[in-house]
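This briefing goes through selected local features of one structure, grouped by topic. Please read it with the sequence and the model side by side.

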Amino acid sequence: MSVRELVVLGTASQVPTRHRNHNGYLLRWDGEGILFDPGEGTQRQMLRAGVAAHDLNRICVTHFHGDHSLGLAGVIQRINLDRVPHEITAHYPKSGQRFFDRLRYATAYRETVEITQAPVSADGVLGGSASYTLEARKLSHPVESYGYRLVEPDGRRMLPDRLAAHGIKGPDVGRIQREGTVGDVTLADVSEVRRGQRFAFVMDTRLCDGVYALADGCDMLVIESTFLDEDTHLAVEHGHLTAGQAATVARDAGVRHLVLTHFSQRYTEPDEFERQARAAGFEGELTVAHDLLRVPVPKRR
């Protein structure tokens, strides 16, 4: 049975707090696991959340500030210690290659696993599998930063009333799905497009075209909301978003489930992030993330 869920490993920005670990997010997508922005302490948070190194297939780093990447050293060494039997691909800004190399070889250890380095240098498709395509878009931050987006291919939804009207039943239902026709009846006659799911991960950035491109039509958008709206000037200065800005993006992009995260340590009341997001007009499902939370990706429409 396929599972699609977000496992939140950490939600703090810049520095961890007593209640929030540095960033870290695992997306379970069918049989694959994609680890986003492993900050310091991610390996321990994985243990607490029941996430094993064997669960990982890709690592996606948005940028090389410490709260988004210092956990790479421990995670990579754990992957090798546990002898993960499959290839793992790492995506990160190409301009930060020296930082990735330093973190990958921060200390001595025995390499037992193939980790494919696939740095990102421009917007576009990075790869994927039968169940998704992974894309990247450049964001606006003091250091080069990219957001990531998964897009499931569109499928077909069979329509029982049309099947019955055309006399398609039993083994012929499977046949028309495989072959596209049964006699004079085509697949289009008895089905409709089933839109694939979309997931986006947007971290440190100001408002920019990349944010909107990543969020467009997403079933789930995981997005930073470092500041509250009264501190918009700080968000602009440091290359971040406020809760209201993130929610406005989600509202305009038609997002179904908005997950706010990456909170400044200056704030202690998470309810205010939700209040400001609702005040911005977002009416979909809304989660203010906390560490070790599990959030299911919304079911297909």
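**Pockets**

The second largest pocket holds about 250 Å³ of space, while about 300 Å³ lies in the largest pocket. The model is predicted, so local features need pLDDT of at least 70 and side-chain atom pairs count only at pLDDT 80 or more, whereas totals for chains, interfaces and linings use all residues. Residues are numbered from 1 along each chain as its sequence is written, and side-chain values use heavy atoms, with hydrogens and water left out.

- On a 1 Å grid over the protein atoms alone, a pocket is an open set of points where a 1.4 Å probe fits, with protein on both sides within 12 Å along at least five of seven lines; lining residues have an atom within 4 Å of a point.
- Grid points are joined across faces, edges and corners, and a volume is the space filled by probe spheres set on the points.
- The second largest pocket has a lining of 11 residues, and Ser2, Val3, Arg4, Val297 and Lys299 are those nearest its centre.
- By type, the lining of the second largest pocket has five nonpolar, two polar and four charged residues (Ala, Val, Leu, Ile, Met, Phe, Trp, Tyr, Cys and Pro count as nonpolar, Asp, Glu, Lys and Arg as charged, and the others, Gly among them, as polar).
- The largest pocket is lined by 16 residues, with Ser13, Gln14, Phe227, His238 and His240 nearest its centre.
- Two nonpolar, 11 polar and three charged residues make up the lining of the largest pocket.
- Helix H2 (66-69) and helix H9 (232-238) each give at least two residues to the lining of the largest pocket (helices, H or I with at least four residues, and strands, E with at least two, are DSSP runs numbered from the N terminus).

**Strand S1 and its partners**

- S1 pairs with S2 in the antiparallel sense over six bridges; two strands pair if DSSP finds at least two bridges between them.
- Within that pairing, valine 8 has tyrosine 25 of S2 as its bridge partner.
- S1 and S18 also run antiparallel, joined by three bridges.
- Arginine 294 in S18 stands opposite valine 7.

**Helix H1**

- Thr42, Gln45, Met46 and Ala49 are buried in helix H1 (residues 42-49).
- These residues lie on the same side of H1 because they cover an arc of only 105° around the axis, the arc being that of the directions from the helix axis to the C-beta atoms.
- Arg44 and Leu47, on the other side of H1, are exposed.
- The cover over the buried residues of H1 includes strand S1 (4-10), strand S2 (24-29), strand S3 (32-36), helix H3 (72-81) and strand S18 (294-296); contact means heavy atoms within 4.5 Å.
- Glycine 50 follows H1 and has a positive phi, near 75°.

**Helix H11**

- Phe273, Gln276 and Ala277 are buried in H11.
- An arc of only 105° around the axis takes them in, which puts them on the same side of H11.
- Asp271 and Ala279 are exposed on the face of H11 turned away from its buried side.
- Helix H10 (243-253), S16 and S17 are among the elements that cover the buried residues of H11.
- After H11 comes glycine 281, with a positive phi near 100°.

**Loop residues**

- Histidine 262, in the loop between strand S16 (257-261) and helix H11 (271-279), is a residue other than glycine with a positive phi, near 65°.
- Histidine 262 counts as buried, because its relative accessibility is 1%.
- Leucine 292 sits in the loop between strand S17 (285-288) and S18, and its phi is also positive for a residue other than glycine, near 70°.
- With a relative accessible area of 29%, leucine 292 is partly exposed.
- Valine 120 lies in the loop between strand S6 (115-117) and strand S7 (124-129), and its 1% relative accessibility makes it buried.
- Apart from neighbours within four places in sequence, valine 120 is in contact with His91, Tyr92, Pro93, Lys94, Leu126, Ala136, Tyr146 and Tyr148.
- From valine 120 to aspartate 252 is 132 residues in sequence and 27 Å in space, C-alpha to C-alpha.

Key
Buried < 20%, exposed > 50% of the residue type's maximum accessible area, 1.4 Å probe, protein only.
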